Amino acid sequence: MSTATKCPVNHGTVPVLDDDPFSPETLENPLPFQERLREAGPVVFLAKYNAYAIGRYEDLSAAVANWQDLSSGSGVGLNEPWRARGLLQMDPPEHDAPREVLQSILSSRVLRSMKDTCMETAGGLIKALLAGTAPGGQVEIDGHTGIGSKLPVNFFPEASGIDEEGRENLVPYADHIFNALGPDNGLVEQGKCKAAEYTEWATAKCQRDALKPEGFGADIWAAADRGDILHEQAPLLTRSLLSAGVDTTVYGISGMLYAFASNPEQWEALRKNPNLARVAFDESLRWESPVQQIFRKTTTDVTIGGSVIPAGSRVMLCFAAANRDPRRWENPDKFDLSRDPSGHLSFGMGIHQCVGQHAARLQAASLLEQLVPRIKSIELAAPIERHHNNTLRGWESVPLRLTLA
Amino acid sequence: MPTNAASLTLDASPASRPAAGHPGIQSLRVAQKEVIADGVVRLRLEEPHNARVPDWTPGAHIELVLPTTDAGSLSRHYSLCGDRWDPHAYEVAVLREPNSKGGSCFIHDELAVGDMLTVGTPRNNFLLSQATRYEFIAGGIGITPIMTMIVAAEQLGIDWHLHYGGRTRASMAFLDELAQYGDRVTIWPQDEKGHLNLSFLSEPVDGGRVYCCGPEPLLNAVAGAASAWPSWAVRFERFVPATLPEPVRTEPFELELALSKKCITVGTDQTVLSALSDAGVPVLSSCNEGVCGTCEVSVLRGTPEHRDSLLNDAERAKNDRMFVCVSRAVSDRLVLDL
C-alpha cells in the first residue's frame, strides 16, 4: 500500500491515502493501515472511497463530540443507510428522547442490580468448560466459540426479555448490519441473502407480545406507555439493543481473552491484584477496539487539525487508530493493566457514546471474577483465526490453553 | 424545575458544594449581559478557551454559583434558553426578584461582562418526550425552557401551540423571537386580558403532551384544567418546591450503605443528606429542596418517603431512587447504593 502522496483532486493540503481499509488484507491486520492514517496527518482523504478519515486521538476526540458539524442523521456507514433508522443514526432533537429512555434503562444502577444473574451465567459457562479438569491440570478450549460468543448471547437477550428461540441468529444478524456500514464488497454480498430473514426474525422478537414481561424490551414499551417515546418507536429501539449489543460484546470479550493469552504476565498481574479487573476490560478494548470505525457526514466545512473537510463529506472516525496513537498513549501497542485506559474511544464519546457500555462491562467483570480464582495461567494453544467484518474486529477462533489453579 | 429560581431559597452550604476541580463544574465567562424585558436580563456564559461546554437538551437547567458576599455564595438554577448548536456557551434569562435572597439582584446589579462564574453541568428534569402535539404553557420567566422546546418541536415538525402569560407585555421576554411563529403563539398579558384562559385543556389530545413552566398558581391552574389528561401527559417545571407535609415517620430510621458497608441512624431533626455527610459519605447536593436533582441516590431496599418535586407517581412507586436532601423513609431501614 501507498504512503501519503499529493492529491490529484482538489483537497487542498489534505494528504491522500489509496489504501483500502476494507480489503481482506487490511481486515486481517488493520494496524499498518491505521498507523499510516495517523502518521499521514490529522485528516486524510481515502481516494478509493471518496471519504475523509481521522485517526489521531486528539482530533478524533474533538470530532466525535462535535455532533453539530459531524452528523449521524444520514447514517454512520460509508454509504447512506439501507435499513430503518435506529438511535445511532439520529441527530438531536430526534435523538434526545429515545436516548434518554435507553440511557435510564441501561444505567449503571440498573446493571449493578443484575450482577448476581450475570455472575451465575458466567459461572455456569466456566464450570461446564472446566468440568473434569483437576486442579493444576490443563484444558484447551476456544475462548471465542466457548466463552466470548456464548456469554453475551445468553446474558443480553435474556436481560432484554427475548425468548430463547433462534438466538443463534443474533450474531449473524448484527454481522451483516455492521458489514453494511462499509462498502458494498464481498462481505456485504454474502450477508445479503439471509439479511431479510434475520431482520424479520429480530423485528418479530421485539414486538410487545413476543417480549418477556420483564427486561429491557419491556422497559422500552413501558417508557412508551409513560409517554416518553411513541409506541411506534419501541420495536426499533428494542431491535437496536440486539444489533448493537451482542456482536460488539462478543468480540470485546474474545479480544480480552486473546489479550491475556498473548500477554500471560498480565494474567499473572491480575491474579496478584484482582482489583485490576476494573481496568482489564477497558484496556483490552483500547488495545483491540471491537468497533474499529464509524462514519459521520459533515453539515458544514469543518476544520480539524488545520485541515478543512468540506460540507457534505463522509468522514471515517477510526477509533482503533486513535486508541493506539503514540501521541496519547505511552507504548500504545502494549496491553498493560498498569496503565489508565480512561478516555479510550472504543465506546465512542459524546451524545452517541455506547449506551450499553455498563452491560458490556458487567459481563466482562463477571467473567473475570469467575476465571481469576480458577485459572492459574492462560496462553495461546494454536494460531488464532479472525472473522472479517467491515466495521468490527471479529473472531472465528481464540484457542486457549488454561492451567487450573 | 429550577428555572429562574429567583424565588427559590437555595442556599447551598459550602460543605454541600462540590470542590473546585470537580468534573461537573466549569468556570465560564460572562460574555454578554442584556436587558430583554422589564426586569429580565439575558446572560451569555462562554467557555474562556473556546472549548466545548457539556451538551444539553431542551428543558435543561444549570447551576450558577453566585459570589454574593465576600464570605459566601448562593447557588441558583436557571433554565437554558440559548442555542444548543452553539457548543461554546450557555444562555440563561434571569428575572429580578427583589424579595428573594439576593441571587437575581446580584446578577442584575453586580455581575458584569468579563466576570467569571462557576457553573454546574446541565441537568434536565423537564425532558421533551416524543409526541404528536405539544401544548406549551409559560407564565412569566417560565418561558425560558419552553423557548428551547419550541425550537425542537419546529425541527421535529411536530404540531405545537404556546400559551404565554405575563404581568404586562413589557415584562414578557422573547416576544420578538416568538413573533415569527404567528398564530402558533398566544400572548396573554394579564393587565390586558386577565389570567390565561385554560379551557383548551378540557379535552385531552390523543398523543399530545402539555409542558408547563411558571409560578405555582399557574401550575395548579393547569393541573386542574388538565384533569382529564393522563397524568404522564402533563409535565411541569417548578420554580419552587411543592409545599411539603410533615414527614410520615416521627421516629429515627436506619441507613445501610451497601458499598461503604456502614450503618447509620437518621434522627428526626436531620436530613438523610446531613446524616450521610456526618458519617463521612458525602453526596453531591445543591438546592436542598428536592427540586434540582443533584443528590439522587439509588435505593436497593426499603421504602423511601419521597418528598422531592422531581419524580412522578410511577417513578416514586419503583422506590429505586431518592433525593436525599429532602426525602426520608417510610420503612425502618433503607439500603442505599453508597
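Biologist: How many residues of chain B are in contact with chain A?

Modeller: This is a predicted model, in which local features need pLDDT of at least 70 and side-chain atom pairs count only at pLDDT 80 or more, whereas totals for chains, interfaces and linings use all residues. Residues are numbered from 1 along each chain as its sequence is written, while chains are lettered from A and ligands numbered from 1 in the order in which they are written. Contact requires C-beta atoms, placed from the backbone, to lie within 7 Å of each other. By this test, 17 residues of chain A meet residues of chain B, which number 20.

Biologist: Which element supplies the largest share of the side of chain A that touches chain B?

Modeller: Helices (H or I, at least four residues) and strands (E, at least two) are DSSP runs numbered from the N terminus. Two or more residues are given to this side by α4 (96-105) and α5 (108-112) of chain A. The largest share, three residues, belongs to α4(A).

Biologist: Is α6(A) parallel or oblique to α17(A)?

Modeller: Axes are lines fitted to C-alpha atoms, for helices over the stretch in contact, with angles from 0 to 180 degrees between N-to-C directions. Angles under 35 degrees count as roughly parallel, over 145 as roughly antiparallel, 65 to 115 as roughly perpendicular and the rest as oblique. The axes of α6 (residues 115-130) and α17 (residues 357-371) of chain A come within 9 Å and cross at roughly 50°. The relation of α6(A) to α17(A) is therefore oblique.

Biologist: How is α13(A) oriented relative to α15(A)?

Modeller: In chain A, α13 (residues 247-261) and α15 (residues 277-287) have axes that come within 9 Å and cross at roughly 95°. The orientation of α13(A) to α15(A) is therefore roughly perpendicular.

Biologist: Which residues of α15(A) meet α13(A)?

Modeller: The residues that α13(A) brings to this meeting are A:Gly252, A:Gly255, A:Met256 and A:Ala259. From α15(A) come A:Ala280, A:Phe281, A:Ser284, A:Leu285 and A:Trp287.

Biologist: Which residues of α5(B) are exposed on the face turned away from its buried side?

Modeller: A residue is buried if 20 or more other C-beta atoms lie within 10 Å of its own, exposed if 12 or fewer, and partly exposed in between, with C-beta atoms placed from the backbone. In α5 (residues 216-225) of chain B, the buried residues are B:Leu218, B:Leu219 and B:Val222. They lie on the same side of α5(B), because their arc around the axis is only 100° (taken from the directions from the helix axis to the C-beta atoms). The face turned away carries B:Pro217, B:Asn220 and B:Gly224.

Biologist: Which strands does the buried side of α5(B) pack against?

Modeller: The packing of the buried residues of α5(B) is against elements of chain B. These are β7 (133-139), β8 (159-166), β10 (208-214) and β11 (234-238).

Biologist: Is B:Phe174 buried or exposed?

Modeller: In chain B, the loop between β8 and α3 (175-179) holds B:Phe174. Phi of B:Phe174 is near 70°, a positive value in a residue other than glycine. Because 21 other C-beta atoms lie within 10 Å, B:Phe174 is buried.

Biologist: What is omega for the cis peptide bond from A:Pro92 to A:Pro93?

Modeller: The loop between β4 (70-71) and α4 of chain A is the place of A:Pro93. For the cis bond that joins A:Pro92 to A:Pro93, omega is near 5°.

Technical notes: Two residues are in contact if their C-beta atoms, placed from the backbone, lie within 7 Å.
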